[in-house]
Amino acid sequence: DLTKPNSVDALSKLSKNGDSLVFAAALTPDRGRDIHTMMKNLAIGENVTKFLEQNQCSHVIYISSDAVYHDEITLVREESRCEPSTYYGLMHVVREQMLSETLSGLKIPSLILRPTLLYGPEDTHNSYGPNRFFRAAADNNKIILFGQGEEKRDHVYVEDLNRVACNALMSKTTGLLNVATGKSTSFMEIAERVASLVSPDVSVEGLPRQNPITHRHFDTTLLMNTFHNIRFDSISHGLRKTWDAIND
């Protein structure tokens with residue numbers, strides 16, 4: 001339990017000098033969107049930094065989130081301003097700073113990865129998008145959208161994030177990279193693809209719109225220049241792989 005101080009010793013017993021560390025631990029928004037949850041996440045960050053101060057890691061990768069960016073930014077680049085609108089996004093900004101300052105002082109090379117929306121089998125979240133749509137289609141034969149699902153977002157199949165992280169570990173990549181496919185798809189299109197995979201009886205329905213339509217796209221130039229051979233699954237292929245794995 002990384003929220004507790006004794007986790008520092010527990011981590012130290014699991015590690016040896018020269019190890020690389022991938023830091024992906026967090027209480028995600030489905031576990032709470034309030035200050036209390038944010039403070040638990042910051043405690044996790046504090047304990048991991050204490051561990052790093054006491055152990056000689058050779059490389060650190062921090063899995064952050066595109067939630068650090070301002071909601072109104074429609075084309076996201078690594079240099080886009082960080083003005084999060086949620087405690088979850090703010091938490092990642094603070095933890096990024098905690099790690100950057102600690103690792104800089106220790107002269108440990110590090111990389112921050114900011115993935116956009118992730119999906120795939122065994123996901124425990126129920127966030128709006130593929131993961132929720134698959135559950136709703138299987139359980140209720142119905143997928144509910146905000147408005148008519150007009151918003152376009154980039155979605156990354158979880159194995160593609162793993163591939164980026166593994167490449168970064170092998171090459172000890174440093175700096176900051178967004179992780180996105182570079183292609184955004186509407187929630188309506190995703191819902192229709194999910195429905196077609198699950199059953200012809202699944203309906204897709206919209207709710208009255210409460211908020212303005214917003215879109216988000218990513219400039220993936222830096223990511224592709226860093227890892228020349230990286231290829232991402234298309235949304236159709238990733239959804240198919242997710243459904244096949246769910247039914248395996």
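Helices (H or I, at least four residues) and strands (E, at least two) are DSSP runs, numbered from the N terminus. The model is predicted, so local features need pLDDT of at least 70 and side-chain atom pairs count only at pLDDT 80 or more, while totals for chains, interfaces and linings use all residues. Residues are numbered from 1 along each chain as its sequence is written, and side-chain values use heavy atoms, with hydrogens and water left out.

**Ser80**

Ser80 is found in the loop between β3 (75-76) and α3. Ser80 is buried because its relative accessible area is 14%; buried means under 20% relative accessible area, exposed over 50%, and partly exposed in between (1.4 Å probe, protein chains only). Its side chain reaches the backbone nitrogen of Arg77 at 2.9 Å. This falls under polar contacts, defined as pairs of N or O atoms within 3.5 Å; within protein, one must be able to donate a hydrogen and the other to accept it, and residues adjacent in sequence count only if both atoms are side-chain atoms. Leaving aside residues up to four places away in sequence, Ser80 touches Tyr69, Ile73 and Leu75, where contact means heavy atoms within 4.5 Å.

**The four-stranded sheet**

An open sheet of four strands has the order β1-β2-β4-β8, with parallel pairing; two strands pair if DSSP finds at least two bridges between them. Its edge strands, each pairing on one side only, are β1 (20-23) and β8 (175-179). From one strand to the next the twist averages 15 degrees. Axes are lines fitted to C-alpha atoms, for helices over the stretch in contact, and angles run from 0 to 180 degrees between N-to-C directions.

Strand β1 is joined by four bridges to β2 (residues 59-63), and the two run parallel. Phe23 stands opposite Tyr62 in β2. Helix α3 (residues 87-106) lies across β1, β2 and β4 (110-115), at about 170 degrees to β2. Helix α5 (residues 158-171) lies across β1, β2, β4 and β8, at about 160 degrees to β2.

**The three-stranded sheet**

Another open sheet, of three strands, has the order β5-β7-β9 with mixed pairing. Here β5 and β9 (184-186) are the edge strands, each pairing on one side only. Direction ignored, neighbouring strands of this sheet are turned by 55 degrees against each other on average. Three bridges join β5 to β7, which run parallel, and Leu118 has Val156 in β7 as its bridge partner. Helix α5 packs on this sheet, touching β5 and β7, and its direction makes about 65 degrees with that of β7. Helix α6 also packs on the sheet, touching β5, β7 and β9, at about 70 degrees to the direction of β9.

**Helix α4 and the cores**

In helix α4 (residues 130-140), Pro130, Asn131, Phe133, Phe134, Ala136 and Ala137 are buried. Their cover includes β5 (117-119), β6 (142-146), β7 (152-157), α6 (187-198) and α8 (235-246). Just after α4, Asn141 takes a positive phi of about 60 degrees.

A nonpolar core is a set of buried Ala, Val, Leu, Ile, Met, Phe, Trp, Tyr and Cys residues joined through side-chain atoms within 4.5 Å. Of the 19 residues in the largest such core, Phe133, Phe134, Ile143, Leu145, Val194, Val198 and Leu239 touch the most other members. The elements giving two or more residues to this core are α4, β6, α6 and α8. Its largest share, seven residues, comes from α6. Apart from this core lies another, of 18 residues, among them Phe23, Leu99, Ile108 and Ile112.

**Aromatic pairs**

Rings of Phe, Tyr and Trp (its six-membered ring) pair if their centres lie within 6.5 Å; planes under 30 degrees apart count as stacked, over 60 as edge-to-face and the rest as tilted. By this rule the count comes to six aromatic pairs. The table gives two.

| Pair | Centre distance | Plane angle | Class |
|---|---|---|---|
| Phe23 and Tyr62 | 5.0 Å | 55 degrees | tilted |
| Tyr128 and Phe133 | 5.5 Å | 90 degrees | edge-to-face |

Phe23 and Tyr62 are both buried, as are both Tyr128 and Phe133. Ring pairs link Tyr128, Phe133, Phe146 and Phe187 into a cluster.

**Glu205**

Glu205 is found in strand β10 (residues 203-207) and counts as partly exposed at 35% relative accessibility. Its side chain makes a polar contact with the side chain of Ser203 (3.4 Å). Not counting residues up to four places away in sequence, Glu205 touches Lys142, Ile143, Ile144 and Leu145.
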